[in-house]
2 protein chains.
Amino acid sequence: MLQADPLRERIVSLFDAMSPQLRQAARYIIEHPQEVALVSMRELARNAGVQPSTMTRLAKFLGLAGYDDIRANHAEAIRFRVDGFAARAMQTDESEEDMAAAQLSRRMLQGLAAQIARLTEPASLERLAAAADRLAQARRIFVLGLRSCHSVAWHFHYVMTLLGEKTTHLDGPADTVGDGLIRASAEDVLLAISINPYALHSLELAQLAREKGLGIIAITDSEVSPLVGLADIAILCSTESHSFFHTLAPALAISEVLCGLLANKDRTAALAALQRADRHLLSLNTYATAIPRRRI
Amino acid sequence: MLQADPLRERIVSLFDAMSPQLRQAARYIIEHPQEVALVSMRELARNAGVQPSTMTRLAKFLGLAGYDDIRANHAEAIRFRVDGFAARAMQTDESEEDMAAAQLSRRMLQGLAAQIARLTEPASLERLAAAADRLAQARRIFVLGLRSCHSVAWHFHYVMTLLGEKTTHLDGPADTVGDGLIRASAEDVLLAISINPYALHSLELAQLAREKGLGIIAITDSEVSPLVGLADIAILCSTESHSFFHTLAPALAISEVLCGLLANKDRTAALAALQRADRHLLSLNTYATAIPRRRI
DNA sequence: ATAAGAATGCAACATTTGTTTTATATGATA
DNA sequence: TATCATATAAAACAAATGTTGCATTCTTAT
């Protein structure tokens with residue numbers, strides 16, 4: 001990434017002038033440069049979700065003779081990178097402070113990656129599968145995550161919203177957080193996310209849910225978390241990080257895996273639901289198809 | 001060269017048992033591993049000075065189905081070298097309609113871990129450091145993340161709230177999302193988070209901020225994201241996952257690193273701020289010190 | 001509303017790919 | 001040397017690749 005790559009820059013600079021299909025192809029190439037040299041054009045096109053001819057058209061649009069020029073360029077980049085690997089690792093001409101920053105960043109990121117990788121232990125995987133089963137069976141899923149855990153709760157809820165209307169996010173202003181549970185019953189499940197320090201309100205609501213007979217799935221940070229005693233299934237994530245703050249990346253990863261598992265229970269239904277959501281948001285003009293011109 | 005390569009070892013161990021032509025082919029492959037994946041078999045054979053059929057025969061001699069197995073192996077090695085485990089896990093063999101939950105979970109988690117690990121590339125670290133510097137200089141930080149990116153925006157804001165009152169979260173009901181920018185000026189910075197598909201409103205607000213002279217830091221998913229053109233510094237995160245949905249775990253990791261870097265600028269001040277926040281929340285009885293007894 | 005233009009999907013095309021078959025050459029053994 | 005088994009070269013083959021032309025769809029401007 002450090003060395004100049006004229007073709008890459010050319011793609012980026014001409015991106016705005018491309019048609020939607022050309023953009024999709026270009027985006028895929030930009031984001032998966034190695035693949036260009038390693039798979040055939042047809043396969044690349046399939047992975048990028050465009051027609052083979054679009055790849056040829058992209059090459060011509062970039063002023064090249066054909067697709068082979070694109071491949072040749074990327075193959076060259078790989079050759080260069082492989083050979084120049086050692087040289088690249090050498091250059092550490094950064095200022096003191098920047099190096100410190102880079103070092104801290106690297107340590108934090110490596111730590112996070114390791115923590116998420118550690119979630120692949122069999123014990124975790126079993127709990128994930130069990131939790132997904134339980135959530136799939138539930139009539140309704142109430143999602144609870146306060147304070148720092150709000151991000152995880154909301155993300156789970158948001159993704160599930162794309163699949164259907166099964167979840168209720170327990171949140172709201174004016175102390176109405178728990179109101180969603182008013183009509184909850186034993187057929188429902190509460191997905192509660194809480195890490196140390198545990199928000200009192202979360203525990204109280206989980207307790208309430210338990211008394212109402214709801215099943216409880218917990219994402220929490222320790223075997224001795226108060227949620228473990230309340231929950232039918234508890235999935236544990238570490239929250240330690242090489243900084244002042246706890247990390248929520250592993251918890252978020254867990255919630256994403258749960259979403260993935262739930263969607264995987266009925267892939268065709270999930271696909272259909274996603275397409276419906278797409279159409280809806282499209283008709284609402286929610287997403288940008290191009291860089292917005294100046295507002296009038 | 002560092003990782004174990006079973007095929008390579010097999011070639012070496014069987015080398016003595018090969019015929020002269022087979023040896024010539026094998027030697028060339030051993031000495032030019034990257035070429036195997038980057039050129040066609042016929043060209044490789046020509047460069048190695050053997051017949052095309054010799055390559056096929058070599059593959060069979062090694063106990064493989066055909067030459068494509070050799071190429072696949074070398075392509076995998078390149079992918080591995082370039083970006084760790086990511087590409088390996090990336091292979092989309094969706095042949096198994098309902099993959100075992102454990103397997104899907106493992107693949108998703110490994111993919112996430114690899115994506116976060118890949119953020120430790122020098123280019124990313126530099127951008128992180130630069131972004132942290134810019135954010136530290138700013139008078140005020142406006143945080144913007146809509147829809148799926150809300151979780152990241154909110155988490156950044158929440159953590160920063162523990163450190164002080166520097167951030168404003170651009171969010172709110174009744175279409176008041178952008179109101180926070182009313183008193184924003186050139187001394188301030190906007191931290192905008194948006195991934196494909198890009199929420200139109202996010203781009204419009206970023207545009208507005210730009211016109212008001214704010215600095216813009218972006219967390220986004222591609223070099224060709226519309227935010228890149230608007231931003232002073234763009235930090236890129238991949239969002240692909242082995243499920244139907246995009247992942248936000250790398251984006252969250254980035255935001256956590258930014259928080260960590262900011263706190264690290266003045267460790268004692270950060271510590272003091274955290275203690276103050278602790279005391280405040282303690283006096284409000286926000287956190288549980290024990291498992292809550294039954295509510296009365 | 002309509003036509004001009006661009007963008008896109010589709011299918012046919014020639015080429016190139018990896019493989020297999022056939023023929024020839026090589027070399028060891030009796 | 002004669003014979004046979006193996007190794008190699010050459011050519012034929014089906015499958016795939018990248019490309020192109022054409023029909024259809026979608027925009028955009030009048």
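B:Leu190 sits across from B:Ile216 of β4(B), in a stretch where 5 bridges tie strand β3 (residues 189–193) of chain B to β4(B) in a parallel run. Strands here are DSSP runs of E with at least two residues, helices are H or I runs of at least four, and both are numbered from the N terminus; two strands pair if DSSP finds at least two bridges between them. This is a predicted model, so keep the thresholds in mind: local features need pLDDT of at least 70, side-chain atom pairs count only at pLDDT 80 or more, and totals for chains, interfaces and linings use all residues. Residues are numbered from 1 along each chain as its sequence is written, while chains are lettered from A and ligands numbered from 1 in the order in which they are written.

**Strand β4 of chain B**

- Strand β4 (residues 215–220) of chain B has 6 of its 6 residues buried, so the rest of the structure largely encloses it. Buried means 20 or more other C-beta atoms within 10 Å of a residue's own, exposed means 12 or fewer, and partly exposed is in between, with C-beta atoms placed from the backbone.
- Both faces of β4(B) are covered, with B:Gly215, B:Ile217 and B:Ile219 buried on one side and B:Ile216, B:Ala218 and B:Thr220 buried on the other.

**The sheet in chain A**

- Chain A has an open sheet of 5 strands, paired parallel in the order β2-β1-β3-β4-β5.
- The edges are β2 (167–169) and β5 (233–236) of chain A, each with a single partner strand, so one side of each has no neighbour in the sheet.
- From one strand to the next, the twist averages 20 degrees. Angles run from 0 to 180 degrees between N-to-C directions, and axes are lines fitted to C-alpha atoms, for helices over the stretch in contact.
- Strand β3 (residues 189–194) of chain A pairs with β4(A) in the parallel sense over 6 bridges, and with β1(A), also parallel, over 5 bridges.
- On the β4(A) side, A:Leu190 stands opposite A:Ile216, and A:Val189 has A:Gly215 as its bridge partner. A:Val143 has its bridge partner in β3(A), namely A:Leu191.
- As for burial, 6 of the 6 residues of β3(A) are buried. A:Val189, A:Leu191 and A:Ile193 are on one face, and A:Leu190, A:Ala192 and A:Ser194 on the other.

**Helices on the sheet**

- Helix α9 (residues 122–137) of chain A lies across β1 (141–145), β3, β4 and β5 of chain A, at about 135 degrees to β5(A).
- Helix α11 (residues 200–211) of chain A packs on the sheet too, touching β1, β3 and β4 of chain A, and its direction makes about 160 degrees with that of β3(A).

**A:Thr220 up close**

- A:Thr220 belongs to strand β4 (residues 215–220) of chain A, and is buried because 26 other C-beta atoms lie within 10 Å.
- A:Ser194 is 26 residues away from A:Thr220 in sequence, yet their C-alpha atoms are 5.3 Å apart.
- Beyond neighbours within four places in sequence, the contacts of A:Thr220 include A:Ser194, A:Ile195, A:Val228 and A:Leu236. Contact means that C-beta atoms, placed from the backbone, lie within 7 Å.

**Cores**

- The largest nonpolar core has 142 residues, and those with the most contacts inside it are A:Ile116, A:Leu191, A:Leu258, B:Ile116, B:Leu191 and B:Leu258. Such a core is a set of buried Ala, Val, Leu, Ile, Met, Phe, Trp, Tyr and Cys residues joined through C-beta atoms within 7 Å.
- A second, separate core of 41 residues includes A:Leu58, A:Ile70, B:Ile11 and B:Ile70.

**Where the chains meet**

- Chain A puts 79 residues in contact with 77 residues of chain B.
- Helix α8 (residues 96–118) of chain A supplies the largest share of chain A's side, 13 residues.
- That side divides into 51 nonpolar, 17 polar and 11 charged residues. Ala, Val, Leu, Ile, Met, Phe, Trp, Tyr, Cys and Pro count as nonpolar, Asp, Glu, Lys and Arg as charged, and the others, Gly among them, as polar.

**DNA strands**

- Around DNA strand C there are 19 residues, of which A:Ser19, B:Met41, B:Ser53, B:Gly66 and B:Tyr67 come nearest. Near means a C-beta atom, placed from the backbone, within 6 Å.
- α5(B) gives the most to the surface near DNA strand C, with 4 residues.
- DNA strand D is surrounded by 18 residues, the closest being A:Met41, A:Gly66, A:Tyr67, B:Ser19 and B:Gln21.
- For DNA strand D, α5(A) gives the most to the nearby surface, with 4 residues.

Methods
Two residues are in contact if their C-beta atoms, placed from the backbone, lie within 7 Å.
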